[in-house]
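Trainee: I would like to learn how to read a sheet. Please show me one.

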Amino acid sequence: GPLNDLWRFRINDSTWTWISGNNIANQSGVYGNKGSHSNDNVPGARVHAVGLYDSLRQEFWLFGGLGYDSTSGYGA
């Protein structure tokens with residue numbers, strides 16, 4: 001099922017690194033208070049992965065797209 005995992009791929013040494021996320025499918029997001037940082041804040045589970053290529057650092061970042069909000073609702 002959908003996960004909320006974030007991965008980085010480094011072109012120079014061809015390595016994948018897990019950055020964050022749960023290993024349990026279909027998790028709701030925890031967003032806390034707007035403007036307040038917390039290590040407990042995590043996005044909900046996602047599907048339809050999206051990526052970003054950082055040419056300066058030679059890194060590719062991969063994260064899911066459509067998924068769960070903080071109330072287990074499913075949407076964009």
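Mentor: Begin with the terms: strands are DSSP runs of E, at least two residues, numbered from the N terminus. Two strands pair if DSSP finds at least two bridges between them. This is a predicted model, where local features need pLDDT of at least 70, side-chain atom pairs count only at pLDDT 80 or more, and totals for chains, interfaces and linings use all residues. Residues are numbered from 1 along each chain as its sequence is written, and side-chain values use heavy atoms, without hydrogens and water.

Trainee: What is the order of the strands in the sheet?

Mentor: The open sheet has four strands in the order S2-S1-S5-S4, with antiparallel pairing. Strand S2 (15-20) and S4 are the edge strands, each pairing on one side only. From one strand to the next, the twist averages 20 degrees, taken between axes that are lines fitted to C-alpha atoms, with angles from 0 to 180 degrees between N-to-C directions.

Trainee: How many bridges join S1 to S5?

Mentor: Five bridges join S1 (residues 6-10) to S5 (residues 59-63), and the two run antiparallel. Trp-7 has Leu-62 as its bridge partner in S5, and Arg-8 has Trp-61. In a regular strand the side chains alternate between the two faces of the sheet.

Trainee: Which residue stands opposite Leu-62 in S5?

Mentor: That residue is Gly-51. S4 (residues 50-54) runs antiparallel to S5, joined by five bridges. Their hairpin has four residues between the strands, and Gln-58 takes a positive phi near 55 degrees there.
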